[in-house]
Amino acid sequence: MSQNPSRALAASEDLLSQADAASGSEPAWIDFYHHARLSADAAEVFRDLKNPKAALAWNQRAAAMPSGVFTRSVGMRLAIVGTAHLQARDLDHGLDLGNRSVDILARVQSSRAKDYVREFNTALAPWRREPAVREFIHRTRTELQIAA
């Protein structure tokens with residue numbers, strides 16, 4: 001496939017639409033994968049590429065997930081979107097999402113989830129001296145046992 005993530009994602013959407021139209025022929029293990037999930041994954045891809053504008057646009061297309069059902073996934077997605085806001089230089093919104101992420105992830109045991117919070121903490125580097133950032137880093141140390 002193409003080196004262009006936007007083109008690859010558009011092709012993925014087309015394939016998902018074709019699968020929806022021909023419902024019943026896909027294996028049961030893929031039932032969870034739908035357009036909203038693709039959108040959430042695309043938000044993560046663009047966060048990794050440090051393209052916060054595209055990450056936030058794809059996140060808008062991702063469906064809301066109730067935290068009581070997909071606790072770990074919701075917490076990780078909050079960290080991903082929070083990191084994109086930090087990449088866009090929006091500390092307040094980023095920290096809000098980061099704190100919501102920790103609220104949720106403090107209830108689960110997941111090294112993968114902690115990796116997302118570590119990435120969030122790394123994105124906080126330009127604001128390390130801010131009291132709210134120092135407080136957040138302290139919170140991740142004490143509640144998630146994440147070393148800064």
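Close-up 1. Arginine 47 is buried, with a relative accessible area of 3%, where buried means under 20% relative accessible area, exposed means over 50%, and partly exposed lies in between (1.4 Å probe, protein chains only). The model shown here is predicted, so that local features need pLDDT of at least 70 and side-chain atom pairs count only at pLDDT 80 or more, while totals for chains, interfaces and linings use all residues. Residues are numbered from 1 along each chain as its sequence is written, and side-chain values use heavy atoms, with hydrogens and water left out. Aspartate 48, at 46% relative accessibility, is partly exposed, and it forms a salt bridge with arginine 47 in which the closest N and O atoms are 2.5 Å apart; a salt bridge is a side-chain nitrogen of Lys or Arg within 4 Å of a carboxyl oxygen of Asp or Glu. The structure holds seven salt bridges.

**Close-up 2. Glutamate 44 in a network of salt bridges.** A network of salt bridges links Glu44, Arg47, Asp48 and Glu119. Glutamate 44 is placed in helix α2 (residues 35-48), helices being DSSP runs of H or I with at least four residues, numbered from the N terminus. Glutamate 44 counts as buried at 18% relative accessibility, and its side chain is joined to that of tyrosine 116 by a polar contact of 2.6 Å. A polar contact is a pair of N or O atoms within 3.5 Å, of which, within protein, one must be able to donate a hydrogen and the other to accept it, and residues adjacent in sequence count only if both atoms are side-chain atoms. With its neighbours within four places in sequence left aside, glutamate 44 is in contact (heavy atoms within 4.5 Å) with Ile80 and Tyr116.

**Close-up 3. The salt bridge between aspartate 103 and arginine 139.** The side chains of aspartate 103 and arginine 139 meet in a salt bridge at 2.3 Å, N to O. This pair links distant parts of the chain, with aspartate 103 in helix α5 and arginine 139 in helix α7 (residues 131-144), 36 residues apart. Aspartate 103 is partly exposed at 41% relative accessibility, whereas arginine 139, at 16%, counts as buried.

**Close-up 4. The salt bridge between arginine 118 and aspartate 115.** The closest N and O atoms of the salt bridge between arginine 118 and aspartate 115 are 2.7 Å apart. Because they stand three residues apart in helix α6 (residues 111-123), arginine 118 and aspartate 115 are separated by about one helical turn. Arginine 118 counts as partly exposed at 34% relative accessibility, and aspartate 115 is partly exposed as well, with a relative accessible area of 38%.

**Close-up 5. Glycine 98 and its surroundings.** Glycine 98 lies in helix α5 and, at 2% relative accessibility, counts as buried. The C-alpha atoms of glycine 98 and glycine 82, which are 16 residues apart along the chain, are separated by 5.7 Å. When residues up to four places away in sequence are not counted, glycine 98 touches Phe120 and Phe136.

Technical notes: Helix = DSSP H or I, 4+ residues; strand = E, 2+ residues; numbered from the N terminus.
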